Amino acid sequence: FTRLGEVITLLPVRTPKPLLEAEPKRLDAMAPVATYHAVATHEKDNTFARLICMAIVVKMSNLQNKSAISQDAAMLLHDKSLYPSVAHCSYYSCYQLLKHIWIYTIEKTQQELDAKCSTAKTGSHELLINEVGRFIKHSGKKDCLKHFREFNSGILQLKRLRVDADYSDSLFDSSKSKRSLDLAALILPILKKY
């Protein structure tokens, strides 16, 4: 059994047996192939078998994994009424996918990002939002213009909420927290298509 919110590392199963029925010696001898993210959000979900069913999908980059963790953290924080931190986690779950797209889809490096930021005299957040937005818009994928408009509008609103939550001396209430979750729920599926 795992604790609520615990991240697990799954091991490859080379037999058709479910992981729970695999022999302990065999599990001990296997090396982790990748870190997959799974979080139990309710006590009734808190079984190892359920987490495995949720987690075995595809191998994720570390940035994709961090994005999933950030989004799960945002939901947990909202449930605990820790509203200002929700906007932070929701925004960074999107930002981490932007970096994933930059590195793995557009195939650019961190050094290229740093150089572009220096040349453009802008921050990495603004630059990634613009570059990935442009990439989505010109990708030629089905509905790419619709995706671009929704992404661009949503990420800018979410960024404003994150800045407000992190730096403003104003109340960040449950409605702003919920809006942050909703915006991330709109943006993340779009980014996952690219």
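1. Helices here are DSSP runs of H or I with at least four residues, and strands are runs of E with at least two, numbered from the N terminus. By that rule Leu-161 sits in helix α7, residues 144–167. The model is predicted, so local features need pLDDT of at least 70 and side-chain atom pairs count only at pLDDT 80 or more, while totals for chains, interfaces and linings use all residues. Residues are numbered from 1 along each chain as its sequence is written, and side-chain values use heavy atoms, with hydrogens and water left out.

2. Leu-161 has a relative accessibility of 14% and therefore counts as buried (buried means under 20% relative accessible area, exposed over 50%, partly exposed in between, with a 1.4 Å probe and protein chains only). Setting aside residues up to four places away in sequence, Leu-161 touches Ala-87, Phe-172, Lys-176, Arg-179, Ser-180 and Leu-183 (contact means heavy atoms within 4.5 Å). Its C-alpha atom is 9.7 Å from that of Val-86, although 75 residues separate Leu-161 and Val-86 along the chain.

3. Asp-164 is also placed in helix α7. It counts as buried because its relative accessibility is 19%. Beyond its neighbours within four places in sequence, Asp-164 contacts Ser-170, Phe-172 and Lys-176. Phe-172 and Lys-176 are among the residues that Leu-161 touches.

4. His-147 is another residue of helix α7. With a relative accessible area of 7%, His-147 is buried. Its contacts, leaving out neighbours within four places in sequence, are Ile-136, Lys-142, Ile-190, Lys-193 and Tyr-194.

5. The next item is a helix pair. Two packed helices are described by the angle between their axes and the distance between the axes. For helix α4 (residues 83–105) and helix α6 (residues 124–137), the axes come within 10 Å and cross at roughly 60 degrees, which means that α4 is oblique to α6. Axes are lines fitted to C-alpha atoms, for helices over the stretch in contact, and angles run from 0 to 180 degrees between N-to-C directions. Angles under 35 degrees count as roughly parallel, over 145 as roughly antiparallel, 65 to 115 as roughly perpendicular and the rest as oblique.

6. On the α4 side of this contact are Tyr-91, Tyr-92, Tyr-95, Leu-98, Lys-99, Ile-101, Trp-102 and Thr-105; on the α6 side are Ser-124, His-125, Leu-128, Ile-129, Glu-131, Val-132 and Phe-135. The residues of the contact comprise 10 nonpolar, 3 polar and 2 charged (Ala, Val, Leu, Ile, Met, Phe, Trp, Tyr, Cys and Pro count as nonpolar, Asp, Glu, Lys and Arg as charged, and the others, Gly among them, as polar).

7. Rings of Phe, Tyr and Trp (its six-membered ring) pair if their centres lie within 6.5 Å; planes under 30 degrees apart are stacked, over 60 edge-to-face and the rest tilted. The count by this rule is 4 aromatic pairs. One of them is the stacked pair of Tyr-91 and Tyr-95, at 6.4 Å centre to centre with 20 degrees between the planes. Tyr-91 and Tyr-95 are 4 residues apart in helix α4, about one turn of the helix, and both are buried.

8. Phe-135 and Tyr-194 form an edge-to-face pair, 6.5 Å centre to centre with 80 degrees between the planes. This pair links distant parts of the chain, with Phe-135 in helix α6 and Tyr-194 in the segment after α8 (174–192), 59 residues apart. Phe-135 is partly exposed at 27% relative accessible area, whereas Tyr-194 is buried at 9%.
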